[in-house]
Every structure is written in structure tokens, then in C-alpha cells.
Amino acid sequence: MTSRYKSYVAIEDLESHIGETVTLNGWVYDKTEKGKLIFIKLRDGSGTVQCVLFKPNVSEEIAAAAGSLSQESSVSITGTVRSEQRSPTGVELDVTDVRVWQVSKDYPITPKEHGVEFLMEHRHLWLRSARQHAIMRVRSAVVKAIRDFFDGNGFRLMDSPIFTPNACEGTSTLFETEYFDLGKAYLTQSGQLYAEASAMALGKVYTFGPTFRAEKSKTRRHLTEFWMVEPEMAYFDLNDDMDLAEDLVEYIVQYVLKTCQRELATLGRDISKLEAVRRPFYRMSYTEAVEWLNKNEIKLNRKQADGSEIQIDFPWGEDFGAPQEEAIMQQFDKPCIIHRYPTEVKAFYMKRDPENVKTVLAMDMLAPEGAGEIIGGSQREDDHDQLLERILHENLPQEAFQWYLDLRKFGSVPHSGFGLGVERTVKWITGAEHIREVIPFPRMIYRIVP
Ligand code: 4AD
Ligand code: MG
């Protein structure tokens, strides 16, 4: 494709320019001098390459310009691309010209170790570091894989609003704001309810955008603002929903393996673990999972009235926390879907299991290697009266859900969907320790700057 905007040779494409003279535009990652040689590690956003300047080959001005460069100085470097097997990118640049845009002074992030707090305060600069750069490129690939998957499988993108008049995922994590004369509005926790309306109009849809939860918990996997993709499909039952979720996750992981080899190498990721992510994944019901926990004597710590703690068998009906999920996943080398959870621990919109009314047709996908839940989904309650009963049972304002109930009055059909958390998925695939590293500017209970 030819473009009319200015195009530069990108470092990631240098291997197809061997022998040519090119100009690279970027920033200095590192610089060392050895006698008549100056080595500049240049990064341009696409990658990093070593540029070698041999002083006798250039004018004194050019050598001086190169000599003035400090970490993160902005610079255009012209030179000849040479094949170099020892380089991670397979090439080096023999420098013929240097144009300095700005000499950077006292760049705060130096090659020495910095504490996480310091790095978080300097997130706007930290993003330039090799590891963060690699994570962001994987994130971009994950998002592309998601879009390609849905666009290529007959789904239509239908954006859901961010200001909403009601809760979707429980009332305890809502961000509130005043909305002119109309009272309170809430930042959406999930685009699902609108995706359901969209699915009744377009059949197979997905909504993809930022979602918000006033999470009070400081964990390695919670953000207050995160990105979620939510497919919703008319005439899909829970099994169809689980099949789709497996297809999507396999596609994402295989796409990243195919397109992000360099990034995964930079991150030191064990590729074999990702290569194993092939359908079919594992599946078990919530009830089977509880039986497994108790058979394997994975106890639950329970606080007593007097403050002491005792260990008990896992009681059927309680929601799993991270410890149970991690224990269950220890045995698996690829994701596992847990389905048919107790009604009381899941959202009001989930359809009751006709075979056991104490459970709903819910499913969560847990990822291996301690990654935890990456997907939550369900078949939706499609019966008007049952849904109304659940809304009233949860003390939700019926008024605000009138439009949602309408969907059960005018051509109601079985339908299902799920939400995949982008950051949870990127955290798993990159092996990042903490979710704050996998979104450009994380929003957490204790951080809103930068
Ligand atoms: O399981 P959740 O709450 O499901 C829903 O919101 C449904 N309405 C989705 C649907 O059926 N359309 O959230 C879905 C996923 C989780 O599995 C997790 O990956 C991610 O969203 N997620 C979070 N990611 C980061 N920080 C948080 N605080 C998150 N809460 C949920
Ligand atoms: Mg969930």
C-alpha cells in the first residue's frame, strides 16, 4: 500500500534494506565510545539497532554531534545497513551522518535498577524501556488478533455507551458522576447489556472499549479502568459460548506467537507454555471443581467470631478466590473453563440451569501459570418474568432496566456472550508480574498520575 504521509525506514524492517543507505529517526538508548569508534544504540519505536560511527569516516562536526548524544537524545542517523549475525536484529548501521534534534539532559530512568514507585511516577518515560516497549507491542498484537478474529467470523462491532444509568456487574464497584439534570450516571462496568440489544439487531456483535470498576482491592490483577471485549450472540447457548471463547483465546495466543517472537524473547517468556495453548481446553463444572478441592484437601481459611482462623472444607455455594483458582489450575498446562456456578455468586442476568436451579449457565475461563480469570460469560436469562424476579431479588431499580426487559418481550431468543479482559490476557501472555505493566497508563485505587 502506498501512503501519502511521510514514511521512514523502520528499524524492525532493516533486514530488507541490507546494503542500502537509510536515515533512521529515533532516540538514543545507549552510547559508548571506544577509541575512534562511537556505538549508538538507537531506538525508533519499532526496534533497536546498533549504529557504528568510525570517526575517520565522517567530518569533525558529525563526530562531535555524535559525541554529544546522551541517553534519550532525539536524533536522525544516516548510514549503510550491514548484515551482522551477532546482532539480535541481524543488522548494524555504518554511520555517515548524524542530525541532532535535541540533546536530552539528566534522563531520570538510567540503566540502574529503579523502584516500582519511581517507575510508576515516570510511566510517561518508562514506556520507552525495552521491556515495557515489548509488552506494549504484544498488547497491540492482542488487540489486533481480537479484532481480526471477530471481524473475520461474521461479527459486527457495536460500541456500548460508557455513561450508563444502571449497574451491570453489582453495585459495589460503581463510579458515580452527576449527569446534568438527569441525576446520577455511572461509568460502565461492562458493555454487555447494550451488546444484548445490539445482538438482537445484528445477530453476532462485539463491543470493545474501556470499562470501569471501583475496585477497592490492591491486587496484581485489578485495575479501575480496563479494556474488555464482549461478544454477544443471538441463538447461542452456553456450549456455543464456551466453544467461541476457546477459539478466540487460541487464536490470540497463536497470533502473538507468530508475530511477536522478538518481543517474547525480550521478555524471556517460555514459548513452549504458549505453544501448548491449543483447543480443546479443559472444562469442569463448579461442582466438580469444589469436589476436586475437597478431595485434594485444599482448605479454606475461615475467620471465627473470636478472630481466630480455622481451616474448613470448601463449602458449595461460595465463590472461588484467587487461592482456589490457582490450586485448580496447578494441574493444567492450558486454560480451563469452569461452568455452572451457584446462582447467588453470579450476576442477575445469567440464565438458571434448567437441570439445577441452584446454578446458572455461567462460565469463567481461567488461564494457567497463575494468571487467573481472563474471561467471564454466560447464557443470558431470556424469560421476562424470571429476569424481573432476579432484578427485584437483587434490589436493582426496575425502572432503569425497563429497556433491558423489553428485549425479553419482543422476540426473545436464547443468547450468550462473554467478556475477555485485555489486560488479564496480556499479563498472562507476556508473563508480566503485575497488571499495571500491561496498560500504557494504569488507573488503580492509589494511582491516577501520569
Ligand atoms: O467477569 P466479569 O465481571 O464479566 C462481565 O463484566 C460480563 N458482563 C462480561 C460479559 O459477559 N459480557 O469481567 C470480565 C473480564 C474478567 O474475566 C477479567 O478478565 C476482566 O474482565 N476484569 C478485569 N480486569 C482488570 N481489572 C479488573 N478490575 C477487572 N474486572 C474484570
Ligand atoms: Mg468474573
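In this predicted model, the aromatic rings pair up in a number of places, and the count comes to 20 aromatic pairs. A pair of aromatic rings is described by the distance of the centres and the angle of the planes. One of the pairs is formed by Phe 149 and Tyr 251, with 5.7 Å from centre to centre and 50° between the planes. That arrangement is classed as tilted, because planes under 30 degrees apart would count as stacked and planes over 60 as edge-to-face. Phe 149 belongs to helix α4, which spans residues 130–151, while Tyr 251 belongs to helix α6, residues 238–259, so the pair ties together parts that are 102 residues apart in sequence.

The next topic is the ligand. What kind of space does ligand 1 take? The space taken by ligand 1 is the largest pocket.

Some glutamates place polar side-chain atoms beside nitrogen atoms of the ligand. For Glu 169, a polar side-chain atom lies 2.6 Å from a nitrogen atom of ligand 1. For Glu 230, the corresponding distance to a nitrogen atom of ligand 1 is 2.7 Å, and for Glu 215 it is 3.2 Å. The protein covers 94% of the 630 Å² of accessible area that ligand 1 has on its own.

The backbone has some points to look at as well. Most residues other than glycine have a negative phi, and most peptide bonds are trans. Where does Phe 180 lie? Phe 180 is in the loop between β8 (176–178) and β9 (184–187), and although it is not a glycine, Phe 180 has a positive phi of about 45°.

The bond from Arg 279 to Pro 280 is cis, with omega near -10°. Pro 280 is found in the loop between α8 (271–275) and β12 (282–285). Val 449 and Pro 450 are likewise joined by a cis peptide bond, with omega about -5°. Pro 450 has its place in the segment after α13 (422–430).

Methods. Residues are numbered from 1 along each chain as its sequence is written. Chains are lettered from A and ligands numbered from 1 in the order in which they are written. This is a predicted model: local features need pLDDT of at least 70, side-chain atom pairs count only at pLDDT 80 or more; totals for chains, interfaces and linings use all residues. Side-chain values use heavy atoms; hydrogens and water are left out. A polar contact is a pair of N or O atoms within 3.5 Å; within protein, one must be able to donate a hydrogen and the other to accept it, and residues adjacent in sequence count only if both atoms are side-chain atoms. Accessible areas come from the Shrake-Rupley method with a 1.4 Å probe; for residues, only the protein chains shown count as cover. On a 1 Å grid over the protein atoms alone, a cavity is a set of points where a 1.4 Å probe fits but cannot get out, and a pocket is an open set with protein on both sides within 12 Å along at least five of seven lines; lining residues have an atom within 4 Å of a point. A molecule sits in a cavity or pocket if more than half of its atoms lie within 2 Å of its grid points. Rings of Phe, Tyr and Trp (its six-membered ring) pair if their centres lie within 6.5 Å; planes under 30 degrees apart count as stacked, over 60 as edge-to-face and the rest as tilted. Helices (H or I, at least four residues) and strands (E, at least two) are DSSP runs, numbered from the N terminus.
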